[in-house]
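Dear colleague,

Please find below the structure that I am handing over to you. My notes on what was found in it follow directly after.

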Amino acid sequence: MREKFNIQGMTCSSCVSHVEKAVKKLNGIKSINVNLLQNMMIVEYNESVIDSNIIIEAVQDAGYGASKILENNKKVDTKKEKFIDNSEIINSMKKRLIISIIFWVPLMYVAMYHMFNEWFGIPIPNFIKEYFHGNENRNYFWIYSILIVNTNCLC
C-alpha cells in the first residue's frame with residue numbers, strides 16, 4: 001500500500017533524514033520518500049504487517065507532527081495525530097536570526113576593518129590592526145572561529 005503523510009516541524013535536510021530513519025526501521029516498510037519543501041512523506045508499506053497509525057507514531061516519536069493525507073489532499077482527523085504549532089517554529093527562527101546577526105556584526109568588523117575605514121570612514125582602533133592582523137599575529141583565526149562556531153551552535 002502507498003500512502004501520503006503530512007509532516008510538520010521539518011526545517012532542514014537533517015530533519016528529513018531523521019524522519020526517514022525513524023520510519024525505515026519499522027517492519028514492513030518497502031520504500032519511503034520525504035520531501036522537505038512540501039512537508040510530505042510518501043510511504044510504501046506492507047499493510048498486513050504495519051498500518052498508518054504505527055507510521056504516524058514513529059514520526060511523532062522522532063519529534064515531528066504527522067497526519068495522513070487523502071487523495072484529494074485533505075488531512076484525515078484522528079486522535080493520534082500531533083501537530084506542531086508553526087508559531088513556535090517561526091519564533092525559533094527569529095531567535096536564531098537575531099543571535100546570528102549579533103555574532104556576525106563583530107566578525108565583519110574585525111575581518112573587514114580596512115574596508116570599513118576606506119569605504120565608510122569608520123575609524124578602526126589600533127589594537128584591532130595590531131592584534132588581529134599581520135603576519136606575526138595569527139590570533140584573528142581564533143576570534144573568527146569563536147564567532148562562527150557560536151553563531152552555528154546557538155542556532
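This is a predicted model: local features need pLDDT of at least 70, side-chain atom pairs count only at pLDDT 80 or more; totals for chains, interfaces and linings use all residues.

Phe120 has a partner. Trp119 and Phe120 form an aromatic pair, and a search of the whole structure finds one such pair. A pair of aromatic rings is described by the distance of the centres and the angle of the planes. For Trp119 and Phe120, the centres are 6.3 Å apart and the planes are at 85°, so the pair is edge-to-face, given that angles over 60 degrees count as such. Trp119 is exposed as well, with a relative accessibility of 58%.

Next, the chain as a whole. The chain contains six helices and four strands, and from the N terminus on their order is β-α-β-β-α-β-α-α-α-α. There are 155 residues, of which 32% count as buried. The accessible surface of the chain is about 10,400 Å², and carbon and sulfur atoms account for 56% of that surface. Among contacts with a separation of 6 or more, 47% are between residues 24 or more positions apart.

Helix α2 covers residues 52-61, and Ser52 is part of it. Which residues of α2 are buried? They are Ser52, Ile55, Ile56, Ala58, Val59 and Gln60. The cover over these buried residues includes the strands β1 (2-8), β2 (29-35), β3 (40-45) and β4 (65-69), together with helix α1 (13-24).

Apart from neighbours within four places in sequence, Ser52 is in contact with Glu3, Phe5, Tyr45 and Lys68. Ile56, also found in α2, is buried too, with a relative accessible area of 3%. Although Ile56 and Val23 are 33 residues apart in sequence, their C-alpha atoms are 8.8 Å apart in space. After α2 comes Gly63, which has a positive phi, near 105°.

The cysteines raise another point. How many disulfides does the structure hold? The number is zero. For Cys12, the nearest cysteine sulfur is that of Cys15, 3.7 Å away, and Cys12 is in no disulfide. Cys15 is likewise in no disulfide, with the sulfur of Cys12 as its nearest cysteine sulfur at 3.7 Å. The reason is that a disulfide requires the two sulfur atoms to lie within 2.5 Å. As for accessibility, Cys12 is partly exposed at 32%, whereas Cys15 is buried at 10%.

Finally, there is a nonpolar patch on the surface. Leu97, Ile101, Trp104 and Val105 form this patch, and together they have about 400 Å² of accessible area. One of them, Val105, belongs to helix α3, which spans residues 86-111. The relative accessible area of Val105 is 46%, so this residue counts as partly exposed.

With kind regards

Notes. Residues are numbered from 1 along each chain as its sequence is written. Side-chain values use heavy atoms; hydrogens and water are left out. Helices (H or I, at least four residues) and strands (E, at least two) are DSSP runs, numbered from the N terminus. Contact means heavy atoms within 4.5 Å. Buried means under 20% relative accessible area, exposed over 50%, partly exposed in between (1.4 Å probe, protein chains only). Rings of Phe, Tyr and Trp (its six-membered ring) pair if their centres lie within 6.5 Å; planes under 30 degrees apart count as stacked, over 60 as edge-to-face and the rest as tilted. Patches are made of residues with over 30% relative accessible area and no salt bridge: like charges are joined within 9 Å, nonpolar side chains (Val, Leu, Ile, Met, Phe, Trp, Tyr) within 5 Å. Accessible areas come from the Shrake-Rupley method with a 1.4 Å probe; for residues, only the protein chains shown count as cover. A salt bridge is a side-chain nitrogen of Lys or Arg within 4 Å of a carboxyl oxygen of Asp or Glu.
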